[in-house]
Amino acid sequence: MTDTICAIATPAGNGGVAIIRISGNNALEISKGIFEPFSRSAPEPRKAIYGRLNFDAVTDDCIGLYFPAPNSFTGEEVVELQIHGGYYLANAVVNALISRGARLAERGEFSKRAVLNGRMDMSQAEGIIDMINANSLTALRAGSRLMHGTMHKFVEELQAKLTDCLCEVNVALDYPEHDIEYITASKVSEICNNLVKDINSALATAATGVKVKNGVKVVLAGDPNVGKSSLLNALIGYDRAIVTDIAGTTRDTISESYEYNGMLFNVTDTAGLRTTLDIVESAGIERARDEIATADIVVYVTDKMELRPEIENSNVLYVLNKSDLLNNDDLINNCKNDKNLSKNGDKLAFDLIISAKTGENIQELKKIIFEKTIDTELVNHEILLTNTRHIECLKRAKSALMQTIENCNNTTLDILSITLMQAWQDLGEITGTTASEHIIDEIFARFCLGK
Ligand SMILES: Nc1nc2c(ncn2[C@@H]2O[C@H](COP(=O)(O)OP(=O)(O)OP(=O)(O)O)[C@@H](O)[C@H]2O)c(=O)[nH]1
Ligand SMILES: [Mg+2]
């Protein structure tokens, strides 16, 4: 028997409505202590029940919902109370429930119970959290696919193949005297190779998946006064960074986001790169270099004709800003069609000419940044690995399979079964079936309260 837990399921703060969720064997009894339906008939499952909230000399009208076990989110008896959304009121209701026998839920405890009661697997619970935390359309879609069980299905299919293989290996080990055709080491190797191929194609989506979940890191770099901060403001659509005509205006890094084609782009404006004795500015330039090194793409901004400088990143877009100040000859000499080489063969021209001031080519810049950082084929892939935990589990399963393949040449079947079993368990950690209690607790501790 589990205890009955309760929590505010809506965000902290004042709003129109707050939802209190109660789950556990005594959910109905405990909620009846503070909520009395206006109708005398028995509460109808999954139907709104209008009634009176009454505790500590406070009354309110409220709506209750009753989800009998096992057809509830957690698989237990669940009651949800929709009350007026006052922060103090919601907390007072929770306290009233606690004083009647419920316990305050821990972070993610409702989801944890849902998983432990077989309502969903761990990857699906993580999908829900990804949907809640999504900050772009593609991240939302990826979370929703995960919640609907794409990863669950993928893992189960791999595990089923492994289970078949393990069974055959065990038959060969347990009944060697029988006159049947036993699985051979080369057949085991073939099965493992196919599984590795499946895992590799999933792992190939990881880099894109992580960008879908966390956003693409774009860093604006260049000399002082070329218009980096102006460009940040133009990209995000409002005046976030200070712009002046004094070289060295920006010192610390400033990060803001914009969405393009459903993807989130996190743009960082940096201090202009130059040699300086100013301690604060030097520290800013140091930070700028760190940002450049870890960017998915660097937009190198300049406002003069110059050779392309070396940038410590393999993905650099060279952009000439202040197009509104250029005359026609400049534009013709540096336009995209003539790009890249000057007469003597040096790299001179630019990928794009823009004006942060007039907005010219800012949309085009967003398009190019998107194209140079995102694999559009993969973004909406059924299996898109967005979760580093899943990625790590798949890598471990893969290495156990590789070990099996290696052992196929020189060891006996009983050794093979050990690494096959290891791979099976590594995969099971994704869905939670083989995850230790410690891992399960750690994962759900990252969830929000009331979820
Ligand atoms: N005409 C014109 N002026 C621009 C444009 N972009 C920026 N400027 C001007 O250039 C000056 C420097 O702009 P900032 O955006 O502060 O340049 P920055 O690269 O961030 O400079 P630091 O922070 O000092 O490194 C300001 O006077 C801007 O108004 C542009 O597209 N056209
Ligand atoms: Mg600046």
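Tutor: Happy to! Let's begin with the ligand, then move to the sheet. The shell around ligand 1 divides into six nonpolar, 11 polar and five charged residues (Ala, Val, Leu, Ile, Met, Phe, Trp, Tyr, Cys and Pro count as nonpolar, Asp, Glu, Lys and Arg as charged, and the others, Gly among them, as polar). This is a predicted model, where local features need pLDDT of at least 70 and side-chain atom pairs count only at pLDDT 80 or more, while totals for chains, interfaces and linings use all residues. Residues are numbered from 1 along each chain as its sequence is written, and chains are lettered from A and ligands numbered from 1 in the order in which they are written.

Now the sheet: seven strands form an open sheet with mixed pairing, in the order β3-β4-β5-β6-β2-β1-β7. Strands here are DSSP runs of E, at least two residues long, and helices are runs of H or I of at least four, numbered from the N terminus; two strands pair if DSSP finds at least two bridges between them. β3 (35-37) and β7 (103-104) are the edges, each with a single partner strand, so one side of each has no neighbour in the sheet.

Look next at β4 (residues 49-55) and β5 (residues 58-67), which pair in the antiparallel sense over seven bridges. Along this pair, R52 stands opposite D61 in β5. In general, strands of a sheet pair through backbone hydrogen bonds, either parallel or antiparallel.

Finally, find R113 in helix α3 (residues 109-116). R113 counts as buried because it has 22 C-beta neighbours inside 10 Å (20 or more other C-beta atoms, placed from the backbone, are needed within 10 Å; 12 or fewer means exposed, and in between is partly exposed).
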